[in-house]
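Please consult the sequence and the structure while reading the points below.

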Amino acid sequence: MKFPFFLLVLLTIAFTGCREASKAPEMAMTQEVPQKTLLEKLADKHGFEHWDKVRRLQFTFNVDRGENHFERTWIWEPQTNTVTSITATDTLTFQRDQVDSLILPTDAAFINDKYWLLAPYQWVWDQDSFTHEYQETAQAPISGENAAKLTIVYGNEGGYTPGDAYDFYFGKDSVVREWVFRKGNQPEPSLATTWEQYQDAGGLQISTHHQNAEGSFKLYFTGVQVN
């Protein structure tokens with residue numbers, strides 16, 4: 001029995017379509033998942049993979065120099081980029097995409113304090129703004145121990161402190177234990193401190209205490225809350 005030509009064509013198309021459809025799930029299963037970069041992996045060691053769940057972050061930034069104490073509190077809602085600054089004399093709420101000349105000093109203070117709190121996350125957020133180098137072995141500046149070292153150098157344009165450099169020193173768990181700030185990428189350290197007393201705040205791993213080798217400078221965080 002012979003089939004009409006047009007029917008043979010339809011059967012051929014249908015058969016070919018079934019074969020192609022049968023391949024689709026197999027192709028989907030073999031699709032490669034993008035590999036994370038070194039900076040992303042190091043940030044995840046500090047809880048960065050939990051950041052997307054954060055709706056509200058509150059913390060108090062404290063500095064002790066000898067007998068002098070300074071503090072200010074921040075409330076940050078990252079989903080809307082709304083920031084509230086609370087000091088002993090004033091409370092100010094602003095949107096970070098609407099900063100004018102009056103709010104500029106407060107915004108600069110927020111960026112500084114946030115960097116101390118979440119520097120490992122800035123490796124991901126700022127990765128298009130700096131160059132970086134990773135060393136397997138280096139000498140930590142305070143403890144003198146061997147440690148892996150990540151150096152990042154910001155570009156000379158943009159931001160509040162362009163051209164600055166930071167050296168991060170890691171423990172065997174790939175968590176930061178010390179760091180060095182070098183203003184303008186100068187060879188000599190401008191400031192070196194520890195990274196201690198890590199706290200789990202909603203999955204974020206935050207170092208709440210930093211001090212220099214002499215103990216004359218202490219920068220620490222209190223009242224860290226994540227919602």
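The points that follow treat salt bridges and then the surroundings of one glutamine.

The model is predicted. Five salt bridges are counted in it, and among them are the pairs Arg 96 with Asp 107, Arg 182 with Asp 167, and Asp 173 with Arg 177.

**Arg 96 and Asp 107**

- The side chains of Arg 96 and Asp 107 form a salt bridge, with an N to O distance of 2.6 Å.
- Because Arg 96 belongs to the loop between strand 4 (91–95) and helix 3 (104–125) while Asp 107 belongs to helix 3, this pair ties together parts that are 11 residues apart in sequence.
- Arg 96 has a relative accessible area of 25% and is partly exposed.
- Asp 107 has a relative accessible area of 2%, and since the cut-off for buried is under 20%, this residue is classed as buried.

**Arg 182 and Asp 167**

- A salt bridge joins the side chains of Arg 182 and Asp 167, at 2.9 Å from N to O.

**Asp 173 and Arg 177**

- The side chains of Asp 173 and Arg 177 meet in a salt bridge, for which the N to O distance is 2.5 Å.
- Asp 173 is partly exposed, at 36% relative accessibility.
- Arg 177 is likewise partly exposed, at 35% relative accessibility.

- Is Gln 122 buried or exposed? With a relative accessible area of 4%, Gln 122 is buried.
- Which side chain is joined to that of Gln 122 by a polar contact of 2.6 Å? The partner is the side chain of Lys 114.
- When residues up to four places away in sequence are set aside, Gln 122 touches Lys 114, Tyr 115, Gln 127, Phe 130 and Tyr 154.

Terms used. Residues numbered from 1 in each chain as written. Predicted model: local features only at pLDDT ≥ 70, side-chain atom pairs only at ≥ 80, totals over all residues. Heavy atoms only, no water. Salt bridge = Lys/Arg side-chain N within 4 Å of Asp/Glu carboxyl O. Helix = DSSP H or I, 4+ residues; strand = E, 2+ residues; numbered from the N terminus. Buried < 20%, exposed > 50% of the residue type's maximum accessible area, 1.4 Å probe, protein only. Polar contact = N/O pair within 3.5 Å; in protein donor to acceptor, adjacent residues only side chain to side chain. Contact = heavy atoms within 4.5 Å.
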